[in-house]
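Dear colleague,

Please find below the structure that I am handing over to you. A short account of the findings follows it.

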Amino acid sequence: MHRVAQGFSLMELLVVIAIAAILTGIAIPSFRSTIQSAESRSAATSFYSALTRARSEAIARNAAMSICARDVSNLTTPTCSTSSTAWRDGWIIFASSAPTVPLQVHEPLADGLTLGAVTTPFVFDATGRTAVATSFALCRGSPDSRGRSITVSRSGRVALEPHTC
């Protein structure tokens, strides 16, 4: 009686594993850029939402609202930083009349992301307007990378656009 072999031989299994390893090695760099792009998009959207929320709260409360870079040296009490590079450490939204009571505290950005912006708290007045138009550039450390630009017009309109760093 002749016995029929079932399953895979060792050689067939090794060939499949080798092909899977080669394909994985080719695919990983693509996934890395996809993940970095998603991190950039997520951070830009979070900052855009924070600016929009600060403006909406200013109008709803009929009071000035501020957003500033977060100082991470004191994690128990959220405070504003005076450094223009501190935006990567997160940001705080608060009523200008009560800076010690934050409305929202955002966590630091993903590694490698920078958010260049103004050094002082950015203020929306009671009508949702700002004193000056400002642009915030969200970039990854590599030059000529694609980033995002979050602009705020004097009327308070917040826009999110592609940006070359």
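A residue is called buried under 20% relative accessible area, exposed over 50% and partly exposed in between, with a 1.4 Å probe and protein chains only. At 0% relative accessibility, Phe136 therefore counts as buried. The model is predicted, so local features need pLDDT of at least 70 and side-chain atom pairs count only at pLDDT 80 or more, while totals for chains, interfaces and linings use all residues. Residues are numbered from 1 along each chain as its sequence is written, and side-chain values use heavy atoms, with hydrogens and water left out.

Aromatic pairs

The structure holds 6 aromatic pairs. Rings of Phe, Tyr and Trp (its six-membered ring) pair if their centres lie within 6.5 Å; planes under 30 degrees apart are stacked, over 60 edge-to-face, and the rest tilted. One of the pairs, Trp87 with Phe136, is edge-to-face, at 5.6 Å centre to centre and 70 degrees between the planes. Trp87 lies in the loop between strand E2 (79-80) and strand E3 (91-95) and Phe136 in strand E7 (residues 134-140), so this pair ties together parts that are 49 residues apart in sequence. Strands (E, at least two residues) are DSSP runs, numbered from the N terminus.

Phe136 also forms an edge-to-face pair with Phe122, at 5.7 Å centre to centre and 80 degrees between the planes. Phe122 counts as buried because its relative accessibility is 5%. Phe47, Trp87, Trp91, Phe122, Phe124 and Phe136 form one aromatic cluster.

Yours sincerely

Methods: Helix = DSSP H or I, 4+ residues; strand = E, 2+ residues; numbered from the N terminus.
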